[in-house]
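This report describes selected local features of one protein chain. Please look over the sequence and the structure before reading on.

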Amino acid sequence: KKKKHFLMKLPACNALFTRKLMMFWFCSLMALNYMDRGAFASNGVNGTYDDLDCSKECDDRFTKECRDLCGFTGMQGEFNLTNEQVGLLASLFTAGLTVASPLSAHAVRHAHPFLVIGIGQLVFCIGILLCGFASSYGQLLGFRTLVGVSEPSFMVVAPAVIDRLAPRETRSTWLAVFMMCVSIGTAGGLILGYIVTAADLDWRWSFRIQAALNVPYVALFLFARPTTIDMDFSEQHDDLEKSKLLASMKSVDGEQNPLSPVKPEQHERKNASLLKVFSLFASDAGRLLSMRRYVLLVFAFIFMNILGGVILFWGTKAAQQRFNLDHADTYFGGIVIIGGIAGTLLGGWVLDKIGSGFVNAARVCGSAMALSGVFLTAMWWIPPNDPSPVGFFCCLSVGYVIMAAYYSPAISTLLWVADKNLRPQSIALCNLLYHVFGDVPSPWYAGAIQDTLSDWPVTFTIMTSSVFLSAFFFGLASITKGEEYCALDRGGA
């Protein structure tokens, strides 16, 4: 008699996983994950040191009194870090994310997707809680890497599930609603960092609060799972197309669907060593990289995320220093949440209006990248002597709205460039590559450039040039011939 895997003994709880509730869980969890990035980038948590000469004097006696005297704040002030060292913290977060991507893609094939998410969120809670108790820069490096390891388990699963849950005529809008939670979470993190500072709390409290907020999601995804991913489709949407989708989700091209529940026998039979996991992922990667469209998309994502990593991590600090803003976190947070929501919904709405498909999605992405690059470059060259830099915030607002319009079409291109059984792997592989070559090194490089030049406009102009290359590759992808998998989908898939 075969022994059942303990993960398969968890109770079913379909009432918590109706279609609308699943969308809510995914959206709120997306916001909480990106809250960490926003909080980490906020001036309240990230911190600063105002007097370099004073910093040198404090090297041998870096006490709290000395930090207060020199105007040091946050982790940068407490651990006496350069911009390059702070940038490395952001880079190692995404490095951890990169390493975990192939493992998550494999786990989604052979375990229940919600359990994969639950385990990832458990790791996230542990990592972020440890960040809240870090006592040295070395510990922060390790804990931020651990936090990064947790994210792919969610990002690989959620978009593919939403793409299948949504009605075909509005699925771009559904994905847009999901992706707008990036902006909501980032802005929430920036505001959380400001609140922690305003309340005169230690910067570590931002991490402890986030860990507490994530505990219910760990319990939900680990200890209450649906019996099927699409469990209530036939009950809530009694039409022929949904019935066809329900049947198609049981098997794709004769293979076990990566988003379908796995029988215990299949799980046990498919257990593999770590080496085998990477071997299987390499096989899927080979299939994806043989598609010219996919390769062009990867380059486009890499160049986009070079700027994404820099503006998210260094934007508030650069604005605070260049324009002498006392509340840069709240200004940026407001623009990110309003502009992000408006832009993301706009991108999904435009794509649904012009017709969902790979070519149109790539065109929207390329146009958004080119236009946003103009505004996001120009804003840093506005003279800083105006006490109320209206021009800077106008350019930032317009640029961010246009850039956010990229989110939903971008995730759609990754889903629609491949057949259904490769879509989680498509997201995972692209995540791996654009983090390795995009937003993993870019905050580190930007910090090193700024330490050398001490000129934020030049630093950001260098880094912003990458979005024009991203627009170029999206344009190439839109005119490259390839199979239109979106057109082959049935029903709401």
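## Asp-200 and its loop

Asp-200 is exposed, with a relative accessible area of 71%. This residue belongs to the loop between helix H11 (171-198) and H12. The phi angle of Asp-200 is near 60°, which is a positive value in a residue other than glycine. The model is a predicted one, and every value in this report is computed from it.

Ser-454 is exposed, at a relative accessible area of 60%.

Helix H12 covers residues 205-223, and Trp-205 is part of it. Trp-205 is partly exposed, with a relative accessible area of 39%. Together with Leu-201, Ile-209 and Leu-213, Trp-205 makes a nonpolar surface patch of about 330 Å². Arg-208 lies over the face of Trp-205, at 4.9 Å from the ring centre.

A salt bridge joins Asp-202 and Arg-204, where the closest N and O atoms are 3.2 Å apart. Asp-202 counts as partly exposed at 33% relative accessibility, while Arg-204 counts as buried at 9%.

## Salt bridges

How many salt bridges does the structure hold? There are two. Side chains of opposite charge can pair when their charged atoms come close. Besides the bridge between Asp-202 and Arg-204, there is one between the side chains of Asp-36 and Arg-144, at 2.9 Å from N to O. Asp-36 is in helix H1 and Arg-144 in helix H8 (residues 137-150), so this pair ties together parts that are 108 residues apart in sequence.

Are the two partners, Asp-36 and Arg-144, buried or exposed? Asp-36 is buried, with a relative accessible area of 0%. Arg-144 counts as buried too, at 2% relative accessibility.

## Phe-40 and its contacts

Arg-144 has a further contact: it lies over the face of Phe-40, at 4.2 Å from the ring centre. Phe-40 counts as buried, at 3% relative accessibility.

By the ring-pairing rule used here, the count comes to 22 aromatic pairs. One of them is formed by Phe-40 and Phe-207; this pair is tilted, with 6.4 Å from centre to centre and 50° between the planes. It links distant parts of the chain, since Phe-40 is in helix H1 (residues 19-41) and Phe-207 in helix H12, 167 residues apart. Phe-207 is buried, with a relative accessible area of 0%.

## An aromatic cluster

Which residues form one aromatic cluster? They are Trp-314, Phe-323, Trp-380, Phe-392, Phe-393, Trp-456 and Phe-460.

## Ser-466 in helix H25

Ser-466 is found in helix H25, which spans residues 466-479. At 5% relative accessibility, Ser-466 counts as buried. Its side chain reaches the backbone oxygen of Met-463, at 2.9 Å.

Conventions:
Residues numbered from 1 in each chain as written. Predicted model: local features only at pLDDT ≥ 70, side-chain atom pairs only at ≥ 80, totals over all residues. Heavy atoms only, no water. Patch = residues over 30% accessible without salt bridge, like charges linked within 9 Å, V, L, I, M, F, W, Y side chains within 5 Å. Areas by Shrake-Rupley, 256 points an atom, 1.4 Å probe, with all protein chains shown as cover. Salt bridge = Lys/Arg side-chain N within 4 Å of Asp/Glu carboxyl O. Helix = DSSP H or I, 4+ residues; strand = E, 2+ residues; numbered from the N terminus. Buried < 20%, exposed > 50% of the residue type's maximum accessible area, 1.4 Å probe, protein only. Phe/Tyr/Trp six-rings, centres within 6.5 Å; stacked < 30°, edge-to-face > 60°. Lys NZ or Arg CZ within 6 Å of the ring centre and 35° of its normal. Polar contact = N/O pair within 3.5 Å; in protein donor to acceptor, adjacent residues only side chain to side chain.
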